[in-house]
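Please keep the viewer open as you go.

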Amino acid sequence: MCNVSQNTKADSLYRPVLCRLEAVRELTPLEKNFSLVRLDAEPFGHRPGQFVQVSVFGIGEAPISVASSPTRGPTLELGIRKAGTLTGALHKMGPGDEIGIRGPFGTCFDLEAMRGNDLLMISGGCGLAPMRALVQYCEDRRQEFGKVTLLYGSKTPQDALYKEDLAHWARSDAIDCRCTVDEVLNCDAWQGKVGLITRLIPPLEIDHKKTIAVIVGPPVMYKFVISELHNKGMTNDDIIVSLERHMKCGVGKCGHCTIEHLYCCLDGPVFRLSQVAGVKGAL
Ligand SMILES: Cc1cc2nc3c(=O)[nH]c(=O)nc-3n(C[C@H](O)[C@H](O)[C@H](O)COP(=O)(O)OP(=O)(O)OC[C@H]3O[C@@H](n4cnc5c(N)ncnc54)[C@H](O)[C@@H]3O)c2cc1C
Ligand code: FES
């Protein structure tokens with residue numbers, strides 16, 4: 001796993017680097033995608049799975065996962081839900097506005113372990129934002145991976161993030177992309193599956209000896225998805241999870257993000273399941 005000491009430049013550890021919003025795109029009525037660049041035009045140096053601390057000046061900071069792959073150039077993309085004060089202020093901003101970024105912070109998805117193996121990505125709700133960085137990475141380095149599968153579940157078809165990307169991946173030969181929704185409202189013209197994301201796992205042909213699974217989604221999802229993966233013969237060593245905790249500093253100083261002995265901002269947010277399976281309160 002990579003972490004802050006390896007790829008975060010010293011200038012962005014404690015002091016936000018000035019960035020300009022290049023584009024803001026609505027994903028759902030609650031979520032928007034923000035594309036930004038550093039004013040000094042330097043790359044952010046992130047890896048899929050890491051997060052940044054976003055500053056809105058005069059308001060504060062919030063940790064947000066990076067939703068784009070470093071293989072896509074110097075622009076950073078963030079998929080952000082309007083949840084409260086800071087994210088509400090961000091949602092009022094547009095192209096040309098300036099924000100601050102500290103980071104990237106935290107561990108990333110273990111690309112070294114994934115190389116040469118099959119990859120099964122399972123995400124729910126807002127979990128598609130960090131997963132998108134990994135999917136894009138796989139698209140751009142497709143020859144490095146075996147079979148690549150993406151499962152995504154949202155509450156309703158309207159709640160799905162990155163609908164255009166999902167449609168593109170569903171058409172692509174490079175990725176086996178399967179989506180489901182918890183429920184369909186009367187007005188939905190949804191032709192896909194209805195039911196919890198766990199129902200997408202039993203029909204899959206998984207070679208558990210050469211598959212790495214990655215799970216990112218709401219806390220309620222993990223236990224049931226992990227149980228289905230165990231049914232397929234997968235072990236905790238071959239399952240990667242990303243955990244979200246309240247964070248302040250992002251660099252292991254304040255203790256806000258601890259789960260027993262683990263610092264979610266430094267030891268995580270990306271963990272092997274074997275690292276956290278016995279840790280109280282982790283899952
Ligand atoms: C590693 C990490 C990655 C994240 N990635 C994303 C992302 O890609 N997209 C996204 O939309 N959100 C993400 N979040 C959650 C995001 O940080 C919070 O929604 C944000 O901090 C809320 O800030 P606010 O000032 O708008 O809300 P506040 O006014 O501070 O609070 C509004 C509500 O949000 C809750 N909240 C505050 N902080 C967090 C938190 N850290 N985790 C969960 N709930 C919180 C509060 O309890 C409250 O209910 C991530 C969180 C972490 C720790
Ligand atoms: S957020 Fe401060 S120690 Fe992790």
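Predicted model: local features only at pLDDT ≥ 70, side-chain atom pairs only at ≥ 80, totals over all residues.

Residues are numbered from 1 along each chain as its sequence is written, while chains are lettered from A and ligands numbered from 1 in the order in which they are written.

**Domains**

- The protein chain is assigned domain 1 (4-105) and domain 2 (111-242), with bounds that come from an automatic or database domain assignment.
- Between the C-alpha centres of domain 1 and domain 2 there is a distance of 24 Å.
- Contact between the two involves 14 residues of domain 1 and 15 residues of domain 2 (contact: C-beta atoms, placed from the backbone, within 7 Å).
- On the side of domain 1 that touches domain 2, there are 4 nonpolar, 7 polar and 3 charged residues. Here Ala, Val, Leu, Ile, Met, Phe, Trp, Tyr, Cys and Pro count as nonpolar, Asp, Glu, Lys and Arg as charged, and the others, Gly among them, as polar.

**Ligand 1**

- The shell around ligand 1 has 21 residues, the closest being Ala62, Arg81, Gly84, Leu86 and Thr87 (a residue is near if its C-beta atom, placed from the backbone, lies within 6 Å).
- At least two shell residues come from each of strand 4 (60-65), strand 5 (76-81) and helix 2 (85-91). Helices (H or I, at least four residues) and strands (E, at least two) are DSSP runs, numbered from the N terminus.
- By class, this shell has 11 nonpolar, 7 polar and 3 charged residues.

- Axes are lines fitted to C-alpha atoms, for helices over the stretch in contact, and angles run from 0 to 180 degrees between N-to-C directions.
- Strand 3 (residues 51-56) pairs antiparallel with strand 6 (residues 98-105) over 4 bridges; Ser55 has Gly100 of strand 6 as its bridge partner.

**The mixed sheet**

- The order 10-9-8-7-11-12-15 describes an open sheet of 7 strands with mixed pairing.
- Strand 7 (residues 118-124) and strand 8 (residues 148-154) run parallel and are joined by 6 bridges, with Leu119 opposite Val148 in strand 8.
- Helix 5 (residues 163-171) lies across strand 8 and strand 9 (176-181), at about 130° to strand 9.

How values were computed:
Pairing = 2+ DSSP bridges.
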